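This briefing sets out the strand pairing, the helix packing and the nonpolar cores of the structure shown below.

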Amino acid sequence: MKKNFLLTPGPTPLPPEICEALSRPIIHHRTPQFQAILKEAEEGLKAVFQTKNDVFILTSSGTGAMEAAVVNLLSWGDKALVIQGGKFGERWTELCEAYGIKPLVLNVEWGKALDPDVLKGYLNKEKAIKVVFSTLCETSTGVTFDIKAISQVVGETDSVLVVDAISGLGAVDLCMDDWGVDVVVCGSQKGLMLPPGLGFIAVSKKAWQLVEESKCPKYYFDLKEAKKAIDKTDTPFTPAIGLIVALNEALKIMRAEGLENIFKRHKKLAEATRAAMIALGLELFSPTAASDAVTAAKVPHGIDGEKLVKLMRDEYGVTIAGGQGEMKGKLVRIAHMGYISEFDIILGISCLEKALKKMGYNFELGAGVRAAQEVLLK
Ligand SMILES: *Cc1c(COP(=O)(O)O)cnc(C)c1O
């Protein structure tokens with residue numbers, strides 16, 4: 001008998017209330033019944049995004065919302081800047097290039113956060129940048145960027161700041177309106193505890209200027225059409241009805257716990273996970289800017305990281321993530337985002353210990369679990 005556990009940075013486990021909501025019979029979307037559901041979802045999303053701006057719900061994974069940001073804000077020949085510190089930063093660059101926009105790239109070493117003064121210097125030299133693309137939680141490296149500081153720097157210019165909060169939202173704080181962030185994109189399958197399939201994009205007034213001017217080709221992700229629809233509590237195309245029904249359950253769960261408590265829980269789980277990694281002798285990949293959504297640690301010397309992840313998943317039923325891109329085979333990434341409790345983390349760490357022992361790594365069995373428990377007992 002094998003039981004499966006999911007500790008990956010997307011998708012994340014589903015609470016039973018969400019599974020129940022997903023099993024309900026489908027209703028039609030052009031009805032007052034669905035309109036009421038959509039209205040509730042819109043309001044709940046605004047609370048989670050910490051904004052008064054419209055939050056558009058798209059039927060796509062998170063990358064669709066990223067694409068929506070690119071095609072709705074930019075025109076061919078525009079100057080854009082990508083803050084690129086991992087695989088998901090690279091995605092902004094690739095998306096821009098797919099539409100014939102060659103962005104400037106501000107490279108940040110993988111595992112490090114961006115020094116806001118470096119950005120300030122860059123923006124002082126390079127004028128007329130329309131859009132700055134950044135990432136809240138760089139899931140590939142386990143880094144959380146200081147979006148508040150970045151937003152302050154960008155706010156002193158005419159540029160619009162876009163934040164990929166796909167893995168960060170609902171795990172770490174992001175005050176869209178208070179911090180002056182112009183565009184926030186998200187997906188359903190991470191902090192929001194839903195299956196994949198919904199993309200979200202919130203757009204400020206300042207950013208909407210660019211939407212009005214944008215000449216990039218677009219059809220499905222045209223936010224002007226989405227705006228016309230949202231003003232009538234409608235959607236331009238058939239929405240993912242079942243997922244939006246489930247979204248309201250997720251928002252209800254989040255409302256009951258409260259954003260403050262959600263962030264506190266993630267912080268504690270992250271601290272426990274990091275303590276366990278250190279106790280096991282696994283070096284944290286981003287010790288100075290470690291994310292509270294996902295922990296990345298280097299695989300010990302002589303251990304094959306891909307085999308380790310495979311052993312945990314295929315033999316023991318615990319799925320964590322390995323490294324991506326240039327860190328393939330070199331990292332373990334344990335997610336503590338969304339519907340994750342203390343004992344999910346303990347389970348993940350104990351499984352990691354078993355797999356490491358099996359693969360011949362020398363350490364004191366139980367050291368990671370003990371270190372995590374000590375943090376959780378505080
Ligand atoms: C997961 C993730 C994405 C990609 O989202 P998809 O839903 O797979 O399209 C983009 N950015 C970040 C930071 C992510 O964690």
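In this predicted model, strand β5 pairs with strand β8 (residues 160-164) in the parallel sense, over five bridges. Within that pairing, S134 stands opposite V163 of β8. Strand β3 (residues 80-84) also runs parallel to β5, to which three bridges join it.

**Strand β5**
- The bridge partner of V82 in β5 is F133.
- Five of the five residues of β5 (residues 131-135) are buried, so the strand is largely enclosed by the rest of the structure.
- V131, F133 and T135 point one way from β5, whereas V132 and S134 point the other way; all are buried.

**The sheet**
- Seven strands make up an open sheet with mixed pairing, in the order β2-β10-β9-β8-β5-β3-β4.
- From one strand to the next, the twist averages 20 degrees.
- Strands β9 (residues 183-187) and β10 (residues 198-203) pair in the antiparallel sense over five bridges, with V185 opposite I201 in β10.

**Helices on the sheet**
- Helix α5 (residues 116-125) packs on the sheet and touches β3, β4 and β5. The direction of α5 makes about 155 degrees with that of β4.
- Helix α8 (residues 205-213) also packs on the sheet, where it touches β2, β5, β8, β9 and β10. The direction of α8 makes about 105 degrees with that of β10.

**Nonpolar cores**
- The largest nonpolar core has 58 residues, of which L119 and F200 touch the most other members.
- Helix α10 (residues 241-257) gives the most to this core, contributing nine residues.
- Domain 1 (5-11 + 259-376) and domain 2 (16-256) both give residues to this core, so the core lies between them.
- A second, separate core holds 35 residues, including L282, V318, I334 and A355.

**Helix α14**
- In helix α14 (residues 367-377), the buried residues include A367, G368, V369, A371, A372, V375 and L376.
- The buried residues of α14 pack against α11 (259-279) and α13 (342-358).
- As a general point, an α-helix has 3.6 residues a turn, so residues three or four places apart point the same way.

Note on methods
Residues numbered from 1 in each chain as written. Predicted model: local features only at pLDDT ≥ 70, side-chain atom pairs only at ≥ 80, totals over all residues. Heavy atoms only, no water. Core = buried A, V, L, I, M, F, W, Y, C linked by side-chain atoms within 4.5 Å. Buried < 20%, exposed > 50% of the residue type's maximum accessible area, 1.4 Å probe, protein only. Helix = DSSP H or I, 4+ residues; strand = E, 2+ residues; numbered from the N terminus. Domains from an automatic or database assignment. Pairing = 2+ DSSP bridges. Contact = heavy atoms within 4.5 Å. Axes fitted to C-alpha atoms, helices over the stretch in contact; angles between N-to-C directions.
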